[in-house]
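The exercises below ask you to read a structure from its atoms, and each is followed by a worked solution that goes step by step.

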Amino acid sequence: MRSKIFSVVLCMACLALSVPRANAQDLGIFDGQTDVGTVKHAGSGVYDAKNQQYTLTGSGQNIWATHDDFHFVWKKMKGDFILRTNAAFIGKGVELHRKVGLMVRATLDSNSKHINAVVHGDGLTSLQYRKTVSGITEEKKASITAADVIQLERKGNIYTMSVARKGDLFVSEEVTDLDLGDDVYVGIFICSHNADVTEKAVFNNVRIITPAPATLVPYKQYLGSAIELLDLESQNTTVIYQSPKSIQAPNWMLDGKSLIYNSEGSLYKFDLKSHTPTLLNTGMAKNNNNDHVLSFDGKMLAISSGDGGPSIGYTVSSAGGEATRITQTGHGASYMHGWSPDKKYIVFCGERNKEYDVYRIPAAGGPEERLTNTPGLDDGPEYSPDGKYIYFNSVRSGLMQVWRMKADGSEQTQLTNDDYNNWFPHVSPDGKWIEYITFLKSEVAPGDHPFYKHVYLRVMPVGGGPSKVVAYLYGGQGTINTPSWAPDSKYLAFVSNSDLLFPVFPIAK
């Protein structure tokens with residue numbers, strides 16, 4: 001059903017470049033860079049491999065009308081894709097209409113057909129495009145200004161710009177029937193809007209994603225996966241590992257040195273220093289899914305394994321060993337989600353008589369106790385660190401929302417109430433915050449949490465209150481099905497998905 005170490009194994013970031021092209025090693029995920037059009041001052045793009053950050057310097061009169069002058073860092077792409085970044089100018093600047101953003105071009109000629117999602121120096125945020133070679137540039141202005149997060153997606157000849165101020169949800173503008181050709185240049189850019197001036201900007205969280213094709217068969221075919229670590233203060237993420245296989249649900253170990261994740265029925269311990277996974281022995285539990293959770297002391301795992309039938313609950317040492325079955329035969333599927341702080345109980349989502357509810361069971365095994373009984377799906381139960389509450393998600397109000405109840409199942413209270421589907425609340429170790437994943441109502445039914453969708457990671461106070469987005473990504477199933485907070489509550493681990501892997505980030509061998 002669900003199935004402070006940031007080293008990157010690579011070379012030093014490149015020096016500022018005055019030549020028009022650079023190799024992929026110098027430019028991270030991009031193929032090259034160039035000054036497009038006529039510029040008085042050569043631009044440059046520098047990649048900081050440690051922080052996975054780009055600094056662009058550029059000149060150029062404008063990107064507008066019938067031709068463009070600017071600096072562009074690019075990759076050649078075919079098919080559908082999603083571009084995303086957080087972009088910010090460095091310094092006050094000279095011109096109000098200096099520009100940074102994401103761009104797709106048919107060629108590197110100054111008069112090329114193109115589309116760009118752009119933020120101006122004065123905050124104007126818009127989708128600008130040229131439909132024909134040497135044609136006049138057109139524009140659709142966003143309903144917000146001064147966006148920090150910029151996304152540009154292509155589906156065939158449809159281009160969608162999604163933008164947000166950091167922490168807010170996206171707003172979008174769209175252009176249809178824009179034919180730039182299949183083989184295009186995609187990337188990040190800067191323009192000073194003044195031929196005599198050079199401007200500088202920094203780009204974080206730069207991603208190029210190839211999404212799932214319409215022909216993909218869910219739960220039979222998979223995209224590649226990336227494990228990312230999110231710094232909650234800066235909201236910058238670092239890719240620490242990639243695999244062409246499906247990786248899911250990272251738990252952060254109590255010592256802060258490793259993660260546990262599942263892939264293809266097995267559990268792995270991932271060393272954050274060496275970026276190396278090691279198979280974790282789970283004994284007779286051979287088909288483990290992405291419902292696995294560490295006890296509060298970090299010594300035990302509750303795991304879920306569908307070994308030839310419905311998912312079964314087990315416990316096993318977090319160091320590996322023989323698993324002990326705790327859920328009984330003759331019941332439906334059981335998906336383990338949370339330990340009580342005293343290790344006496346485990347809460348799980350159980351399917352009984354075609355209804356999914358929250359249950360509690362002794363960690364040593366024994367009779368299970370039903371804690372929710374409303375029609376529809378109740379899922380993702382997890383104890384607060386003080387043991388007083390169980391947080392869960394429920395579809396009982398129409399959409400999937402985050403709820404809380406006392407540890408005995410009483411006083412069930414709704415905490416989120418918006419026009420989205422919110423899943424898997426995870427309480428921070430310091431007991432102050434809840435992280436959860438948000439699916440779009442337009443993409444996902446309330447009772448589903450599939451792979452390969454546009455999702456948000458959001459954080460809100462533990463007792464409820466305003467939520468803020470901390471990550472914008474392509475993922476879903478397996479992204480944060482399990483608690484993924486770092487022990488110091490300052491970082492989160494999660495999984496994103498793409499069919500495109502980059503050699504500048506560690507890749508599974």
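**Exercise 1.** With the side chain of which residue does the side chain of His114 make a polar contact?

*Solution.* This is a predicted model, in which local features need pLDDT of at least 70, side-chain atom pairs count only at pLDDT 80 or more, and totals for chains, interfaces and linings use all residues. Residues are numbered from 1 along each chain as its sequence is written, and side-chain values use heavy atoms, with hydrogens and water left out. A polar contact is a pair of N or O atoms within 3.5 Å, where within protein one must be able to donate a hydrogen and the other to accept it, and residues adjacent in sequence count only if both atoms are side-chain atoms. By this criterion the partner of His114 is the side chain of Asn116, at 3.3 Å.

**Exercise 2.** Place His114 in the fold, and describe its surroundings.

*Solution.* Begin with the strand (a DSSP run of E, at least two residues, numbered from the N terminus): His114 belongs to E9, residues 114–120. Next, His114 is buried at a relative accessible area of 0%, where buried means under 20%, exposed over 50% and partly exposed in between, with a 1.4 Å probe and protein chains only. Finally, counting contacts as heavy atoms within 4.5 Å and leaving out residues up to four places away in sequence, His114 touches, among others, Asp68, Val104, Arg105 and Tyr129.

**Exercise 3.** Follow Val104 into the largest nonpolar core.

*Solution.* A nonpolar core is a set of buried Ala, Val, Leu, Ile, Met, Phe, Trp, Tyr and Cys residues joined through side-chain atoms within 4.5 Å. The largest such core has 45 residues, and Val104 is one of those with the most contacts inside it, as are Phe30 and Ile115. Beyond four places in sequence, the residues that Val104 touches include Phe81, His114, Ile115 and Leu180. A second, separate core of 23 residues includes Ala333, Val395, Phe424 and Val459.

**Exercise 4.** Is Met460 buried or exposed, and which residues are in contact with Met460?

*Solution.* Met460 lies in strand E37, which covers residues 453–461, and its relative accessible area of 0% makes Met460 buried. Leaving aside neighbours within four places in sequence, its contacts include Val402, Leu415, Trp433 and Pro466.

**Exercise 5.** How many helices and strands does the chain have?

*Solution.* The chain has zero helices (H or I runs of at least four residues) and 39 strands. Of its 509 residues, 57% count as buried, and along its principal axes the C-alpha trace spans about 75 × 45 × 40 Å.
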